[in-house]
Amino acid sequence: FNYATEPLWARNGVGSAGADFNELNRINYTNTLSSITNIAPCLPSCEPETPIFEASAGANVRFRILHPGGHSRQHSFVLHGHNWDYQPWHKNSTELLADPEMAIDSSKPLTARIGAVGGIGPGRHLNILTTAGGKCALPGDYLFRVQEQFQFQGGLWGIFRVNPTPEGATC
């Protein structure tokens with residue numbers, strides 16, 4: 001995903017990216033990320049014009065995050081409703097864990113589980129291994145985005161759509 005995402009200011013029907021911050025603070029953001037929008041008409045489905053990644057609930061998922069080069073501004077990435085192992089490597093850092101919920105073994109020391117990661121700048125990459133729908137495999141739409149914006153209006157964002165399975169949630 002990249003800066004080809006739909007601008008949230010347009011989705012809310014607010015002029016342009018240069019809108020006054022006081023005006024932006026008065027916006028009702030309730031349906032901004034939904035297929036129900038704050039502006040009309042919206043035909044046929046109003047899906048956001050942004051990346052929508054899909055997986056079945058409970059599936060092992062990998063997000064590969066990369067900042068290949070360019071501007072030195074760093075990003076923070078967050079995937080709402082999910083967490084992951086900060087250091088998903090084992091066997092002396094030669095393999096990624098096959099299962100993001102894998103039990104700690106002697107080749108994998110305990111590391112923090114996080115739901116956001118920062119310091120993503122030129123040349124940095126990371127692998128996020130998680131379970132679609134989180135620990136309980138709950139279906140739904142989950143927001144992923146960068147967090148460097150001080151207003152909700154800007155930045156990179158998308159939807160991670162977790163589809164239900166016949167078995168349902170595991171919790």
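Reader: Which members of the largest nonpolar core touch the most other members?

Author: A nonpolar core is a set of buried Ala, Val, Leu, Ile, Met, Phe, Trp, Tyr and Cys residues joined through side-chain atoms within 4.5 Å, where buried means under 20% relative accessible area, exposed over 50% and partly exposed in between (1.4 Å probe, protein chains only). Here the largest core holds 19 residues, and those that touch the most other members are Phe63, Ile65, Phe77, Leu79, Val117, Ile128 and Phe160. Two or more residues each come from β2 (60-66), β3 (75-79), β8 (116-120), β9 (125-131), β10 (140-146) and β11 (157-163), with β2 giving the most, 3 residues.

Reader: What should I keep in mind about the model itself?

Author: This is a predicted model, in which local features need pLDDT of at least 70 and side-chain atom pairs count only at pLDDT 80 or more, whereas totals for chains, interfaces and linings use all residues. Residues are numbered from 1 along each chain as its sequence is written, and side-chain values use heavy atoms, with hydrogens and water left out.

Reader: How many helices and strands does the protein have, and in what order do they run?

Author: Helices (H or I, at least four residues) and strands (E, at least two) are DSSP runs, numbered from the N terminus. The protein has 2 helices and 11 strands, and from the N terminus on the order is α-α-β-β-β-β-β-β-β-β-β-β-β. Of its 171 residues, 36% count as buried. Where contact means heavy atoms within 4.5 Å, residues 24 or more positions apart account for 73% of the contacts with a separation of 6 or more.

Reader: How many aromatic pairs are there, and why is the pair of Phe63 and Phe77 called tilted?

Author: Rings of Phe, Tyr and Trp (its six-membered ring) pair if their centres lie within 6.5 Å, and planes under 30 degrees apart count as stacked, over 60 as edge-to-face and the rest as tilted. The structure holds 6 aromatic pairs. For Phe63 and Phe77 the ring centres are 6.2 Å apart and the planes stand at 45°, which is why the pair is tilted.

Reader: Is His82 buried or exposed, and what does its side chain reach?

Author: His82, in the loop between β3 and β4 (84-85), is buried, with a relative accessible area of 6%. A polar contact is a pair of N or O atoms within 3.5 Å; within protein, one must be able to donate a hydrogen and the other to accept it, and residues adjacent in sequence count only if both atoms are side-chain atoms. A polar atom of the His82 side chain lies 2.9 Å from the backbone nitrogen of Gly133, and the His82 side chain also reaches the backbone nitrogen of Gly134 at 3.3 Å. Beyond four places in sequence, the residues that His82 touches include Ile114, Thr130, Tyr142 and Phe160.

Reader: Where is Ser34 found, and which residues does Ser34 contact?

Author: Ser34 is found in the loop between α2 (21-25) and β1 (52-56), and Ser34 is partly exposed, with a relative accessible area of 23%. Leaving aside neighbours within four places in sequence, Ser34 is in contact with Arg11 and Cys46. The C-alpha atoms of Ser34 and Ile159 are separated by 9.7 Å, although these residues are 125 residues apart along the chain.
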